[in-house]
Structure formats: structure tokens, C-alpha cells
Amino acid sequence: MVFNDGRQWVRALKKRIARVSLPPAFDSRLALRFVTFVVAPSVVFALIVLLFSAWSLQTTVRQSDQAMRDRQIREVRATIAGVLDELAQTQGGVAIWDPAWEEARKPAPDLDWIEDNVGIWLHHTFGHDSIYILNARNEPLFAMVDGRRSDADSYRKVAADLAPLVDSARGIGPRPSSVHDRLEGHALHPDSTVRTSEYAIHATDLAKIDGRAAAGSVMRMSPSSYWNEAYAGTEPLLVSVRFLNSGLRKSLADFGMIEGARVTGRPDAPGSGTLSLRLESSTGEPIGYFTWRPQMPGRAILQSIRGRVIAAMAAMAVLLALLLAGIGRLMARDAKLIGEISAAHTELQAKEAQANYLALHDSLTGLPNRIAFMDFVDRALSAHHGGEGPAVMLVDLDRFKQVNDTLGHLAGDRLIEQIGERLLSVIPSNGMVARLGGDEFAICLPAGPGGPEAVAIAEAALEQLREPFSIIGSTVHIGGSIGIALAPRQAVARTELLRRADIAMYRAKEQGRDGCRVFSADMDRTMLRRLRIEEDLRKVLTGDEGLYVQFQPQYTAEAGRLAGFEALVRWSHPTLGELAPDAFIPVAEDCGLILPLGMWVLKETCRVARAWPRLGFAVNVSPVQLRAPGFASQVTAAVCEAGVSPVQIELEITETMFLDTDETIRCTLAALRKAGFRLAIDDFGTGFSSLNYLSRFHVDRIKIDRSFVARLGQDVQAGAIIETVISLGQALDVAVIAEGVETSEQKAFLQLAGCNALQGFLFSAAVDERDLPALLESRRPSLAGI
């Protein structure tokens, strides 16, 4: 006979007892057997189940709480790194900005302008608690504390605390002091992955400032149009402080994981129910302790189910009292309880997995982030054994900033998302695409693809980037520059591999963008040479001797009269010898030195021109100079201060600048023309010559490029082009000058074609200032009408 539960069995037993008359002794034996074989095993089984449930619950609670504590410690460390990153990155928006840099370098800067555009922006937008701007002598020009402008004394109170960071930013002390060091992968703080623009030079670290734990960052202020090198310079410094009791607590509160967070001088006593994390600077200096009350999800679950556990125990007692009738119900209740505990544990595991995912992936694109990419490259290098190793590519987007500025940051985010999807579509399944931050992406191909295959993948990526993007109703066209480094032939360490990929990417941008380059040894040598030229050029512009100007005569083609000179800058380098402009002018344009260099050449030319007021002097102008705010007024002021009329100065501008649609350039050219300067188009015919801009800008002279003159007598087309240019000038009443005249045949052709003026080695090479009187005397020029 089979019974469904204990009560049915008891009822059947009672019926049998009622039907059979048994002696009292038999009844007692039957009860004893019932207790021995039914009740006792049931109680023991119930106790085992209860004890096992309690042990399982306690273990789960302890493991869950420990996992949450470990996770919160990781989040605090990551948030500290994020505070340092954000402080340096938000600084870069104003520190590397032409208007702010120019204002800070003025003898009497406009503090109201600095307050509106630097102080209020950094405080209200990014939560910087204190903002200071220091001059070259590390004296405060501007101070803002808690959103209010303050006097210089407020900085002097914290100057000693900030001195190590100021020295480091100046290139003084044990920290990285040059771009080369930063490229080697040195970090300013172990918890930080601080990465900013390649132009930014800064020192960012935890420090105790005014007796309080804080994140501090000191960044050199520089123009936004060049890549600065970390050297002991004299630029203005932007100093930002964000106290951890405000910035770090807010970041963690936004994340929603930390409660009761505070920064203390010492950890709380054991048993207080709090966690304390020691805060140190990168040099090991103690800053304080970050203390908080950790979440205990295990205990919370235990509290939430305590009532159900008590109810289960009460039910078990009742069921035990009813013998077997309660065993099934108690087991069912215990099974349910174990299921709830298991579900809670599973939920905790799911949340921990989600947190781990967010720590290793970019929140916008879902791609792996910098941390995940670095780990992937390390593992790929470790797994490499002989033959071709992994390839690393750094991808920098071209014209992304223009999209952000014109369509807004939302459009920029949508563009970044689509770019991530397109890059994923061209790499093999075993590779990785990561977003390192901003508009910078990285690709790693771990299976030893070799140079040709890596280049093919890079070209496929560029093809994807060239295709138009549809962004919030607009069609956007961008491009990219990709640098490639291959292991082990070019590097075996991850930091060096990335450094060389970065150099190759820079070379791709330097050579016209929208292309890819594989690193080669000459790039490193070229980079080091550029860095040396840049550093020495900075020194020579501060007063060291070496730069000088030579003057190449220009003669009228018909009468051979001296019409003027073209000013040509030269550099007598102490170790590299005589450097032509092509060797250092591009470096000056890239690193922002072209403005002071161009102004120096102009002033030197004006100093010489003052002695020859009836001769014209031509000065070359860089496109970077034309884009600089206030360039026209600066040139006009410099010429007038030298006692020279603007009419005497001719500004030679490359042809491509006239095609630029930049409103700043158009306004600058119009202002120069209005001030009386003559405008000349240099290298005419090598670009996209157009009647439109010739008539629109009212230029005074066009210069035939020496490449056409050199081909006279060898190439029929060269002669035809020269005759066409001269005819064009005559039709528009614009004078035409030819440069690079070296033979009598070239001179004769140009005279016959109607060219107005000539210059070249046939007449004279460029001469020093001291040789001008002798040159003028030997030629005995007729100055009438010049």
C-alpha cells in the first residue's frame, strides 16, 4: 500500500488499531517503533536541511559581501584615475587654445576675459575648485577660488604644495620633462591613465593642498596649432585643483555605489563597519584615506528573508508536531528558501559581470577601452613565438573637430559610434578594435599578419572612413590617418610598439593625412631631429644668435633697374650647420613658433627697409600666421613702429591660401590690403589658379614659380604656361615677377614675353645686410618712380 503523506498513513494506522484490539504493551512498543523509525529520522533530516540551509546562506552572504567590497575598492581606484584624467583633459580645452595663450602672455592681461573664458568655464562646467594662471616666473596672474576671482595671496597660500607639480610641468625634477619621455610610456600616477592631446605638457597627480587631499594638475599654456615638447620652458601655466572631498565623492555618488564617502587623515577604527583606502601621490607621499560605508548586499538579502526563515522554522515545529504531515511541507519550504538564496547569488554575479564589462569597454561605442586594449596587446605579445608578431595600428580621425564644432557634440557621438562599427567590419575575427578616447581608435592584429596584410587592412579601414556618414540629417565627410608598428621587427614591448605606431601616425598626418604609414627607423631619427630643431629654435628666438636675414635683389625685366628685395630667413645652427628655410619653417609651423619667427623676420626686414625707403621689400607669410587672431593689426603695428610705410612692404602668400574658405583668412587679407600692404601670390601656377580670387582679393603681383622657369628650353608646356600667366597679369593689371632666373636664355624669353620683374642667381644670390650698399653702388640703380 502506498500513502501520499504522513497524515493518510496515521489515519490508516488508527483505523487498523481500531479494528484490532491490542494489548497495552503492544501499543507502547508500536509507539516506540514509530518514534524510532519515523519521528527521529524525520527530525534529524529536518535539522540537517536547516543546518545546511543556514550554512549555505552564511557562505553566500560572506562571499557576496566580500565580492562587493572588492568591487567597490576597484571602483574607487578607477574613479580616482578618472578624476585625474578628467582634470587634465578638461584643462587642455583652455590651456591649448590660441586666445587664452595670447591673453596670458600679455604684459597686462585682461583678467575679466580670463575669468569669463577660463575660470568660470572650468569651475562651473567641470567643477574645478581652484584655478590659477602663472607667468614665466611662476607668479600668479589670475586666481579663482570656489568660483570667485581672488587675489595673488590665495595662490601663495598653496604655492609650496603645488611647487612639485609646477617644477615638473616646467621640466624640472625627476618626472618626465620631454615629449620623448612621455612617448616612452611614463605615467604620472599609478592609478591614472592620464592621456590628453599630444600637444599637452602637464603634471597631474594627487597632492595635499592647503592641508586637504586633492587632485592637482599644472599644464603649459600653448597655441592649439602645434605639438609642444616637454622641456623647461617659460610658457604661462594653468593650475587646476579639485579637492577629493568634493570631486571624488560626487563622481562616486553619481556612480551610485558608495555611501557616506569622505576623505580622512587616518582610517576608522576596526569594527566601525567602514572601509578605508590609502591615498598616495605618485612619489609615495601620503595624502590621506578615502573612507566609506560599503554596501553589504549579502546582509541586505539576509535581512529581507529573515522573516521567511523564522516562519519556516515555526512551520517546521508545527509540522514536526504533526509528525509526518509536516515533513513534506517543511522540505518544500526549505527548497523554496534555497532557491531564493541561489537566485540572489545569481543576481549578484550578474551585477558583478556587468561592472567588469563596463570597466573594460567604452560606454559610447561598446568597443574595448584603453585598459582592455593594453591587456590584449600584452597577451598577443606573450603568445608570439617566432615569425611575424602582432601588428598595432593607431587611427586618428581627420576633420572630426569640425563636425563637433558645426553640428554639435551629439553629432560627434553619433559619428564616433558609426566609425566604431565600420572599423569592426574590416578587421579579422581574432583582432581587436578599441576606442582609446576622443577621436582616437586603435587596432591590434595578433596573429602575425606581416606588413603587406596590415597595410591592406589599414587601407580597407581608410576606405570605410572616406565613405560619407549620415549624421542627424547631414552628410559628413571625414578621413583618417593610421600609423602601423609591427612586432617583433620594430618593437617587442607594448609601450615601444605603441610609441612607434604613434610616430608613424604622425608621419601620415604630416604627409597630407588620409593615409597610412608603417613605422621605419628613419621616422624615429626624423622625429628626434625635429624635436632638436624645435628645442633649439625656441632658444634662438629668446635671444641666442644664429638666425639672420638675407636679401635677394629683384630687377625690372625691361630696364634692369633694381626694384626691391625679397627677405629670406637663414639659420646658422651650431651643430647642424647652415639650415635652409625648408629645414625649420615646417617645424616652426607645426609647433607654433612660426608667429614669433615671422614677426622677427618682419621686424628685421623693416629695420633694413628704413634705410632704403624707395625700394620695396617682400616678406613671406605662412598660412598659420594668417589664421592667428589679430595678425593684421600686429603686422601693421610692427611696421609703423619701425618707421616704415606699409606700402613699402609686400607680403608673399602661397597660392593655396587664396582658395581657403576660412573667414579668418579672408578678413585678415582684407585688413592688410586696407592698411596699405601690397599682396603677392607666391608659387603661382602650382596650385589651382583662378580668376575668381585674383579679382576678389586685388593682389598687386603674382610670382611665377621657379619650377616653370627651370624648364624653359626643355619643356614647351612650361613656356606656354609662363606666357599665359603673363598675359593673365597684363589683362588684370597685375605685375608679374619670375623667380629662379639662372641663364641668359631664360632672361631673354621672360623679357620677350612681357614679364615685369626678374630675380635669380643670374643677377645675384641673396646677400647679407652688410653687402647691400656695395650691391646698390655696383648696379647704380635708377630709383626714379620706384
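**Exercise 1.** Determine whether Asp 398 is buried or exposed, and identify its salt-bridge partner.

*Solution.* Step 1. Asp 398 has a relative accessible area of 1% and is therefore buried (buried means under 20% relative accessible area, exposed over 50%, partly exposed in between, with a 1.4 Å probe and protein chains only).

Step 1. Asp 398 forms a salt bridge with Arg 513, with the closest N and O atoms 3.3 Å apart (a salt bridge is a side-chain nitrogen of Lys or Arg within 4 Å of a carboxyl oxygen of Asp or Glu). Asp 398 belongs to strand E10 and Arg 513 to the loop between helix H15 and strand E16, so the pair ties together parts that are 115 residues apart in sequence (helices, H or I, of at least four residues and strands, E, of at least two are DSSP runs, numbered from the N terminus).

Step 2. Arg 513, at 41%, is partly exposed.

The model is predicted: local features need pLDDT of at least 70, side-chain atom pairs count only at pLDDT 80 or more, and totals for chains, interfaces and linings use all residues. Residues are numbered from 1 along each chain as its sequence is written, and side-chain values use heavy atoms, leaving out hydrogens and water.
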